Amino acid sequence: MSHGYKQPESVLVVIHTPDLQVLLIERALHPGYWQSVTGSREGTESLRETARRELAEETGLLVEAAALQDWHLANRFEILTQWRHRYAPGVNHNLEHVFSVCVPQPSEVRLAPAEHRAQRWLPWQEAASACFSWTNQDAILMLPHRQTSGLET
C-alpha cells in the first residue's frame with residue numbers, strides 16, 4: 001500500500017500450550033489492553049508469512065511455517081479510532097485472519113518494547129476474559145473445540 005499506510009488485512013496469532021495456557025501481551029501505549037500477537041500484512045507476503053513475522057517481532061519466537069495453524073477464519077471489524085491514522089483515508093475496517101501455535105510450556109518471551117510492555121500466561125478462560133478485542137476473545141474460546149476436534153496439532 002502506498003504512502004506508508006498499513007494494509008487493512010492482518011493476522012491474530014494465539015500462542016498456547018497443550019493444556020491451553022494462553023500467552024497475552026499488554027500494549028505499550030495502551031496499558032490494560034491485553035492481546036495475542038497481531039499485525040498487518042506487509043507487501044505481498046502470504047498470511048502465514050505475516051503470522052510468522054509478527055510472532056518473531058513481537059515475542060522472539062521463531063517457528064517453522066508449518067507449526068502455525070491456519071484456522072481458515074477471518075473476522076471483519078471496525079478499526080478503533082486511535083489507530084485509524086495508520087490506514088489510508090476512508091479505511092475504517094480491517095480483515096483479521098486467525099492462526100495459532102502450540103508451544104510445549106509457558107515461557108518468558110522477548111517483547112518488542114515499542115509495542116508491548118508486559119506478558120502473562122493464563123488459563124484459556126481467563127485469557128479470553130482479559131482480552132480487549134472481541135475477535136481475540138472468540139478465538140481463545142474456540143481453542144478447546146479445535147483441540148478436541150483434531151484441528152490443532
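Which residues in the largest nonpolar core touch the most other members? In this predicted model, they are Val13, Ile15, Leu55, Leu68 and Val101, which belong to a core of 16 residues.

**The largest nonpolar core**

- In soluble globular proteins, nonpolar side chains tend to be buried together.
- The largest nonpolar core of this model has 16 residues.
- Strands E1 and E2, helix H1 and strand E6 each give two or more residues to this core.
- Strand E1 supplies the largest share of the core, namely 3 residues.

**The largest pocket**

- Rolling a probe the size of a water molecule over the atoms shows where empty space is left.
- The largest pocket holds about 780 Å³ of space.
- Its lining is made up of 37 residues, and those nearest the centre of the pocket are Arg27, Thr38, Trp83, Arg86 and Tyr87.
- Two or more lining residues come from each of strand E1 (9-16), strand E4 (37-40), helix H1 (47-59), strand E5, strand E6 and helix H3.
- Among these elements, H1 gives the most to the lining, with 4 residues.
- Sorted by class, the lining has 13 nonpolar, 12 polar and 12 charged residues.

**Aromatic rings**

- A pair of aromatic rings is described by the distance of the centres and the angle of the planes.
- The model contains 3 aromatic pairs.
- One of them joins Tyr33 and Trp83 in an edge-to-face arrangement, with 6.2 Å from centre to centre and 75° between the planes.
- Tyr33 lies in the loop between strand E2 (21-27) and strand E3 (34-35), while Trp83 lies in the loop between strand E5 (69-78) and strand E6 (93-102), so this pair ties together parts that are 50 residues apart in sequence.
- Tyr33 also pairs with Phe132, and this pair is tilted, with 4.5 Å from centre to centre and 35° between the planes.
- Phe132 is placed in the loop between helix H2 (124-130) and helix H3 (134-148), and Tyr33 in the loop between E2 and E3, so the pair ties together parts that are 99 residues apart in sequence.
- Tyr33, Trp83 and Phe132 form one aromatic cluster.

**A charge over a ring**

- The charged end of Arg120 sits over the ring of Trp34.
- The distance from this charged end to the centre of the ring is 4.0 Å.

**Residues with a positive phi**

- Leu20 is not a glycine, yet its phi is positive, at about 70°.
- Leu20 is located in the loop between E1 and E2, and with a relative accessible area of 8% this residue is buried.
- His72, another residue other than glycine, has a positive phi near 55°.
- His72 is located in strand E5, and with a relative accessible area of 71% this residue is exposed.

**Distances in sequence and in space**

- Thr135 belongs to helix H3 and counts as buried, at 2% relative accessibility.
- Thr135 and Val98 are 37 residues apart in sequence, and their C-alpha atoms are 8.8 Å apart in space.
- Leu143 is also found in helix H3, and this residue counts as buried, at 0% relative accessibility.
- Leu143 and Ala127 are 16 residues apart along the chain, and 11 Å separates their C-alpha atoms.
- Ala114 lies in the loop between E6 and strand E7 (116-123), and at 67% relative accessibility Ala114 counts as exposed.
- Ala114 and Val98 are 16 residues apart along the chain, and 23 Å separates their C-alpha atoms.

Methods
Residues numbered from 1 in each chain as written. Predicted model: local features only at pLDDT ≥ 70, side-chain atom pairs only at ≥ 80, totals over all residues. Heavy atoms only, no water. Phe/Tyr/Trp six-rings, centres within 6.5 Å; stacked < 30°, edge-to-face > 60°. Lys NZ or Arg CZ within 6 Å of the ring centre and 35° of its normal. 1 Å grid on protein atoms, 1.4 Å probe; cavity = no way out; pocket = protein on both sides within 12 Å on 5 of 7 lines; lining within 4 Å. Points joined across faces, edges and corners; volume = space filled by probe spheres on them. Nonpolar A, V, L, I, M, F, W, Y, C, P; charged D, E, K, R; others polar. Core = buried A, V, L, I, M, F, W, Y, C linked by side-chain atoms within 4.5 Å. Buried < 20%, exposed > 50% of the residue type's maximum accessible area, 1.4 Å probe, protein only.
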